[in-house]
Amino acid sequence: MFFPDIRRALHLPQSLTPFLLLLLAVFGGIAVWGIATRPSGNVAPPLQPLPDIASIGSVAYTVPGHDFDEVLVRRADGLGGDRAVATFPNSGATGYHIHGSASPLGDFVAVVSLPPFTARSGANLSILTLADGSVRSITGRFDYFTRVSWSPDGTKIAAVRYQDVDGTRQSSVVEVDTATGAVRAVAQFSDAFDVVPVGYSFDSSRLYTVVVDNRGSNLFLERDGKVQLEAELSPGRTRDWALSPDGSRLAFVDILAGGSRTYVGRTLVIATKSVTTLPASANQFGSSWMPGSPLPAFGGPGGSWQLTDPGAAEAYLVPSAWSPDSMYLAGAVYAPAGTDATVRSLELVQRETSSAPGRRVVLTDVPGAAFLGWVRNQLP
């Protein structure tokens with residue numbers, strides 16, 4: 001597999017004009033965002049706990065079983081092998097396995113599980129402590145398909161509940177206090193296809209949610225209990241949303257009705273409301289932000305990486321997330337390319353550098369496996 005060095009990853013496309021326009025929009029948006037969020041007077045910005053990059057070098061992921069799914073942790077450097085942390089019941093007969101998201105500091109994982117014979121609106125949300133494997137359940141039921149988003153300071157989680165009221169589907173975005181387990185509703189939307197809390201601002205004070213409904217795809221902002229429309233992403237449906245680490249931009253895949261490409265990677269600069277597109281020759285799936293990069297990278301047949309192993313001509317990589325030190329990328333390999341593509345394996349890829357070749361490690365090839373996030377190193 002060819003996995004580009006960071007300098008070559010930001011390659012110039014054949015046409016310089018769209019690329020330069022994208023850079024101009026991105027850096028202009030960053031400047032405007034920086035001015036808008038600069039503290040006034042002598043007021044100091046709120047302090048946030050920062051992750052210890054050197055210690056967050058392990059990947060947490062799931063391996064589905066017949067009645068239970070297992071949460072495993074493996075160091076990216078290969079030391080220690082897999083460590084089993086916990087198991088959760090699943091609804092494997094219907095194909096519903098656990099999924100979730102690791103905390104920014106790499107010490108907890110929020111897990112969504114659907115017990116057997118339970119409707120999708122009856123999913124459980126739990127907080128798993130990786131150090132000792134203890135599990136704390138959050139009161140209430142959640143949408144099985146909810147995105148779980150952590151605030152950067154790790155004090156709260158955003159997730160979605162829904163219910164049908166007189167034939168109208170009501171989706172509620174709720175925040176969970178990770179210390180107390182208390183749950184409060186912060187936003188509500190009616191008759192939406194997707195309601196996705198995509199993440200928080202850098203200071204954890206603003207929550208961004210994508211809503212896909214008959215009006216298209218729009219980004220909403222919630223702060224101090226007030227919800228407002230922030231920007232339009234597309235007049236149609238979108239998917240694979242990824243908020244940048246600083247909360248200033250949103251990468252996503254636009255689903256088009258016609259043309260040579262159906263899935264197109266785009267970037268919204270939140271401060272300017274502008275949406276830009278980096279040229280690609282084929283469909284793109286999945287979006288990710290390499291630490292320190294002002295531009296996102298997309299996966300898929302038209303993505304930033306090409307698999308060159310023997311027999312991989314029709315396979316492609318869909319990224320999940322970079323490690324904090326930007327040396328590793330976790331993602332899923334799909335084969336064959338096309339509308340009927342299925343996951344072949346969940347993999348860990350080491351970035352190619354001038355001093356070391358890139359390498360790929362298969363975490364699991366069990367169908368239904370899921371990446372949970374980057375977590376602290378803990379040898380078994």
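Mentor: What follows takes one lysine, Lys156, and then places it in the chain as a whole. The model is a predicted one. Lys156 belongs to strand S9, which covers residues 156-165. Is its side chain paired with an opposite charge or left without a salt bridge? Lys156 is buried and has no salt bridge. Glu175 is the nearest side chain of opposite charge, at 4.0 Å. A salt bridge is counted when a side-chain nitrogen of Lys or Arg is within 4 Å of a carboxyl oxygen of Asp or Glu.

Leaving out residues up to four places away in sequence, Lys156 touches Ser149, Trp150 and Ser151, then Glu175, Val176 and Thr178, and finally Tyr200 and Ser204. Glu175 is thus among the residues that Lys156 touches, although no salt bridge is formed by Lys156.

As for the setting, the chain has 380 residues, of which 50% are buried. Its secondary structure consists of 2 helices and 26 strands. Among contacts with a separation of 6 or more, 43% join residues 24 or more positions apart.

Conventions
Residues numbered from 1 in each chain as written. Predicted model: local features only at pLDDT ≥ 70, side-chain atom pairs only at ≥ 80, totals over all residues. Heavy atoms only, no water. Helix = DSSP H or I, 4+ residues; strand = E, 2+ residues; numbered from the N terminus. Buried < 20%, exposed > 50% of the residue type's maximum accessible area, 1.4 Å probe, protein only. Lys, Arg positive; Asp, Glu negative; His and termini not counted. Contact = heavy atoms within 4.5 Å.
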